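Here's a quick tour for anyone opening this structure for the first time. Take a look, and then we'll walk through a few spots one by one.

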Amino acid sequence: MRVQGRDTRSIRLIGDVGEPRWPEIIDQTRLPHEIRMVRLSTLEDAERAIRHMQVRGAPLIGATAAYGLALAVRKDPSDESVASACRALSATRPTAVNLRWALERGEEALHRTPVSQRESAAFDLAERIAGEDVEICRSIGSHGAGILRRMAAERSGEPLQLLTHCNAGWLATVDWGTALAPVYRAHRDGLDLHVWVSETRPRNQGAALTAWELLHESVPHTVVPDNASGHLLSTSRVDAVIVGTDRTTAAGDVCNKIGTYMKAVAARDCDIPFYAAVPGPSIDWMLGEGEAGAIPIEERDGREVSEVRGLGADGTMESVRVTPEGSAVANFGFDVTPARLVTGIITERGVCEAGRDGLLSLYPERAAPRRTGP
Ligand code: MRU
């Protein structure tokens, strides 16, 4: 997508043809105040980038892990090195299933590849995973934009009002995004729309990242505190809620950023459609009916709750404390919205009902149980 008028991706290989190439990311901990590109040179760089959320968002975590594995293989292509790199990367962030998906795919492919060819095979695979993600998100954009166009047709010339949570835009993927891909597609096609962006405490991915993306794509938007969503929904200021996912079970239960469930409950109470944009690699086919409780919910550093981070008056990033010294804090990263509250799941293969039958209608090859993968 566009930044300052230039097409940009959240991760890409840099370097001259014939020379070793390196993945380069946008350090998302510096946004929206600074666009800082960071080169990943080692497995440890990739691990750190995921753990400290220089890259984040389920699909981008998966793609970065694939590049991290390639960097490990460049240093040492042995079986032991591949296994230990996969272990290290999979320990970085537990909830997004794309991480496990990318690493299992990488490990499987590398074990079938002679050691002498593993470096190029690992980089080719990382590039393939990144390229596939772009196409998956582009396709989610087309399917989702169809829904938005149909909803807009029922309105009388007013802009379509959408509400989103966290950042499920192109920064959370390689390009386009999931929940924001339909917004970008529809906006580029001329649909009049406006996005309410919930700030997404404690890390403010909505206020910092989604707002920044929308600003650079010239999409009309307004940032609101998370607590405003119920009011917006109950006063007819929202036509549809659209979010991404870190892991969706085969039964259609949607795990996403903490706070998503509350929005789904309020949307249902107000009879407003609630959509989840779900790329195939974010579906955990191992988890079926009643098994969403097995999704590991990341618990992060309490300082993200007790402090607020932002740009200080002197132009440097700083944190200030908001809770009293000594108060306990808890920082759950994600929650699960049960399928019954989800109006529809938008995938790269089309839109379906949230549930096993709906998902299997789009992914019939999954009717027979298998471990993971698209
Ligand atoms: O903790 P984060 O910023 O990695 O959480 C990201 C989200 O919850 C997104 O909504 C999700 O990954 C969907 S990304 C297209």
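## Arg-9, in between

A residue counts as buried when its relative accessible area is under 20%, as exposed when it is over 50%, and as partly exposed in between. Keep in mind that this is a predicted model. Now try Arg-9: its relative accessibility is 36%, so it lands in the partly exposed group.

Where does Arg-9 sit? You'll find Arg-9 in the loop that runs between strand 2 (6–7) and strand 3 (11–14). Setting aside residues up to four places away in sequence, Arg-9 touches Ile-26, Val-134, Trp-170, Val-174 and Asp-175. Take Val-134 from that list: along the chain it is 125 residues from Arg-9, yet the two C-alpha atoms are separated by 9.4 Å.

## Salt bridges

Side chains of opposite charge can pair when their charged atoms come close. How many salt bridges does the structure hold? There are 24 salt bridges.

One of them pairs the side chains of Arg-12 and Glu-24, at 3.2 Å from N to O. Arg-12 belongs to strand 3 and Glu-24 to strand 4 (residues 22–26), so this pair ties together parts that are 12 residues apart in sequence.

Arg-203 and Glu-304 make another salt bridge, with 2.7 Å between N and O. This pair links distant parts of the chain, 101 residues apart: Arg-203 is in the loop between strand 7 (193–198) and helix 7 (205–216), and Glu-304 is in helix 10 (residues 303–306). Here Arg-203 is partly exposed, with 29% relative accessibility, and Glu-304 is buried, with 14%.

Then there's Glu-325, which forms a salt bridge with Arg-321; their closest N and O atoms are 3.8 Å apart. Is Glu-325 buried or exposed? Its relative accessibility is 68%, so Glu-325 counts as exposed, whereas Arg-321 is partly exposed at 39%. Some salt bridges also share partners, and in that way Arg-93, Arg-203, Glu-298, Arg-300 and Glu-304 join into one network.

## Where helix 5 meets helix 6

Two packed helices are described by the angle between their axes and the distance between the axes. For helix 5 (residues 118–153) and helix 6 (residues 180–188), the axes come within 7 Å and cross at roughly 70 degrees. The crossing of helix 5 past helix 6 is right-handed.

Which residues make the contact? Helix 5 brings Cys-137, Ile-140, Gly-141, Ser-142, Gly-144, Ala-145 and Leu-148, and helix 6 brings Ala-181, Pro-182, Val-183, Arg-185 and Ala-186. By type, the residues of this contact divide into eight nonpolar, three polar and one charged.

Last stop: Thr-249, which lies in strand 10 (residues 247–249). With a relative accessible area of 0%, Thr-249 is buried.

What is Thr-249 in contact with? Leaving out neighbours within four places in sequence, the list for Thr-249 is Ile-283, Asp-284, Leu-287, Gly-288, Ala-292, Ile-295 and Leu-359.

Definitions and conventions
Residues numbered from 1 in each chain as written. Predicted model: local features only at pLDDT ≥ 70, side-chain atom pairs only at ≥ 80, totals over all residues. Heavy atoms only, no water. Helix = DSSP H or I, 4+ residues; strand = E, 2+ residues; numbered from the N terminus. Buried < 20%, exposed > 50% of the residue type's maximum accessible area, 1.4 Å probe, protein only. Contact = heavy atoms within 4.5 Å. Salt bridge = Lys/Arg side-chain N within 4 Å of Asp/Glu carboxyl O. Axes fitted to C-alpha atoms, helices over the stretch in contact; angles between N-to-C directions. Left-handed = near helix turned anticlockwise from the far one by under 90°. Nonpolar A, V, L, I, M, F, W, Y, C, P; charged D, E, K, R; others polar.
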